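Let us read a protein model together, one feature at a time.

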Amino acid sequence: MATTKKDLYVGVDKHRWWKEAIVYQIYPASFLDTNGDGWGDVPGITQKLDYLKDLGVDVVWVSPIYKSPQADMGYDIADYEDIDPSYGTLADVDNLIVELKKRDMKLVMDLVVNHTSEEHAWFLDSRASKTSSKRDWYIWKPAKYDSAGNRQPPNNWAQILGEANSAWTWDETTQEYYLSLFTPEQPDLNWENPAVRAAVHDVLRFWLDRGCSGFRMDVINLISKVQSFPDAEVIVKDNTYQPGDKYYANGPRLHEWLKEINHEVLSKYDTLTVGEMPFVRSEDEIIRVVGAESKELNMIFSFDIVDIDNAPNDFRLSLQDWDARDLKRIISRLQRLMLERDGWNSLFIENHDQPRSVSRYTDDSDEWREYGAKLLALMQSTLAGTLYVYQGEEIGMRNVPASWGEEEYKDIESINFFAKYRKLYPHNPEKQALAREIIQRKARDNARTPVQWSASPHAGFTSPSSTPWMRVNEDYPTTNVDAQISNPTPSPGTLSVHAFWRRALSNRKKHAGVFVYGDFQMLDFEHDKVVAYKRWSADEAFVVVLNFSGEGVSWDGLGGVKVKKWVAGNYDERELEGRSVDGGVELRAWEGLLGVCE
């Protein structure tokens, strides 16, 4: 019989370490503080490597720890080859790499090269004068003027982290605007300049030669802009400035430059590369980056699931309802795309830029939080792709309480959003309440509260006498790592969220032929509460059934799939032995089941 591409997909020649790896993202400021200054540090990461190894982690991805003025929590880099003193030293990073290797683990760094800090030496030189040798390392444009003679930015693009503001910043010294898509403190590099690209290649080599095993590439698909810099279509009413991603995302030279990075640097090392690529909607565009023969990146972060509750034609900080049908369409599309076109997925529903998944996709109340957290663990650990777990996700950390005041939100995006609503609706209590609701549900701050290690003061994140840089979530006395590790079975037949994740990751590795490399079929697309799918290889098959609702459901969507027995669930697993495997399935609120197929 002829060998098909699908057969090759699950074949030995398609196996790669980075496909099977469990990646754990660390947001270093909030992970663990070892010197009592209230700010997490690199030695804190090293201290917890045994914990991560025991969980099942293979790769540690650390959000930026480079020298930075911290205008955007380190995503504004002032020196790519030095560590910010708040996190430690280069020697601390070298020691982290040594300790990781002792445990057969790897380090992935966060590469932020769409922009730098305004304090980077390159930009200081660039803004010094119009005749600077580095003037064209950044994107400078003269002002426009309206009919009344008022100075205006070169176009109407909105700032990504401050949607009420222009993406252009005026420079008094040289009397021109520079492009700063995220904040004024983060000027965009001009990748059209080959000297910029060569400098970026040197940054990659610096870290790979030091022992780093790859990169998460921050907004890498924004590096190529349409060079005419046209105005964006007006699609958001009440906003002077508009989303300009049509012209600055997935630009005309993106693939040329990604291939150049691969050819000049990445092809000479054995690396994991994942591109953060917002605004990607085309399947062809995705495969051009991650296809097996693309010679660009291993995988990208597709934003479809984390954009599921964004209002159409609006910014990220907006709300819309969704149900299981929306989730199924997204999951099936990405799973089938990679199977049929020889690409590779990343799996994530939570990171430093997103709210907590248990709050976003399930019910994070005391009654249901653990069920929801385990439901999401079961889903993620049984889908094809490289799995990314965010710090605290493994214990079901949730969003900050609705009672927290505006002053508790530290993120620049949240601060700008509150300011926008005050400006637009100064005397409208309903709009102000909506702003509070949106921020509590969607703010990046939700993922940035300190990790809850124990029930001791400040959740064990820092010393009792210190003040954490950000307030600790108030549920830490009961929701913390120590409590879940010391009591992995809080009631007969049930596992703690941590124990459930630990077992799920172990099972994923044990059955990698199915869960990492196997085939995929979504079941019952039209049911609005249940997400269910079959995974199989030549040797074994499983079915996953997930109730994404807070009510009981009688579901009969298995079709021709025959379940031999149920082997895992997020309720009392002693009951699995007696659960029916024929006909319909009775599901409780937020219940998830894993079954072995006949």
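This is a predicted model: local features need pLDDT of at least 70, side-chain atom pairs count only at pLDDT 80 or more; totals for chains, interfaces and linings use all residues.

Q: Which side chain of opposite charge is nearest to K328, and how far away?

A: To read a salt bridge, look for a Lys or Arg nitrogen within 4 Å of an Asp or Glu carboxyl oxygen. Now apply that cut-off. The nearest side chain of opposite charge is D524, at 5.2 Å. K328 has no salt bridge.

Q: Which backbone oxygens lie by the side chain of K328 instead?

A: Check the backbone too. The side chain of K328 reaches the backbone oxygen of V530 at 2.8 Å. The backbone oxygen of F525 lies 3.4 Å from a polar side-chain atom of K328.

Q: Which residues does K328 touch, leaving out those up to four places away in sequence?

A: K328 touches M522, L523, D524, F525, E526, H527, V530 and V531.

Q: Next, the nonpolar cores. How many residues are in the largest one, and which touch the most other members?

A: A core is read as a set of buried nonpolar residues joined through their side chains. Here the largest has 144 residues. V60, W207, F215, M379 and F548 touch the most other members. The largest share of this core, 8 residues, comes from α11.

Q: What is M379 in contact with, leaving aside neighbours within four places in sequence?

A: M379 is in contact with L327, I331, I349, Y533, L546 and F548.

Q: Now a sheet. In what order do the 3 strands of the open sheet run?

A: Strands of a sheet pair through backbone hydrogen bonds, either parallel or antiparallel. Here the order is β6-β12-β11, and the pairing is antiparallel. The edge strands are β6 (140-141) and β11 (168-171), and each pairs on one side only.

Q: Over how many bridges do β11 and β12 pair, and what is the bridge partner of W168?

A: β11 pairs with β12 (residues 176-179) over 4 bridges. The bridge partner of W168 is L179, in β12.

Q: Back to charges. How many salt bridges does the structure hold?

A: There are 52. One of them joins E192 and R253, with N to O at 2.8 Å. E192 lies in the loop between β12 and α7, and R253 in the loop between α8 and α9, so the pair ties together parts 61 residues apart in sequence. E192 is partly exposed, at 23% relative accessible area. R253 is partly exposed, also at 23%.

Q: With which residue does R281 form a salt bridge?

A: With D245; the closest N and O atoms are 3.6 Å apart. R281 lies in the loop between β14 and α10 and D245 in helix α8, so the pair ties together parts 36 residues apart in sequence. R281 counts as exposed, at 60% relative accessibility. D245 counts as buried, at 14%.

Q: Are R448 and D353 buried or exposed?

A: Both are buried. Their side chains meet in a salt bridge, at 3.1 Å from N to O. The pair ties together parts that are 95 residues apart in sequence. Salt bridges can also share partners: D72, R316, D353, D411, E413, R444 and R448 are joined that way into one network.

Terms used:
Residues are numbered from 1 along each chain as its sequence is written. Side-chain values use heavy atoms; hydrogens and water are left out. Buried means under 20% relative accessible area, exposed over 50%, partly exposed in between (1.4 Å probe, protein chains only). Lys and Arg count as positive and Asp and Glu as negative; His and the chain ends are not counted. A polar contact is a pair of N or O atoms within 3.5 Å; within protein, one must be able to donate a hydrogen and the other to accept it, and residues adjacent in sequence count only if both atoms are side-chain atoms. Contact means heavy atoms within 4.5 Å. A nonpolar core is a set of buried Ala, Val, Leu, Ile, Met, Phe, Trp, Tyr and Cys residues joined through side-chain atoms within 4.5 Å. Helices (H or I, at least four residues) and strands (E, at least two) are DSSP runs, numbered from the N terminus. Two strands pair if DSSP finds at least two bridges between them.
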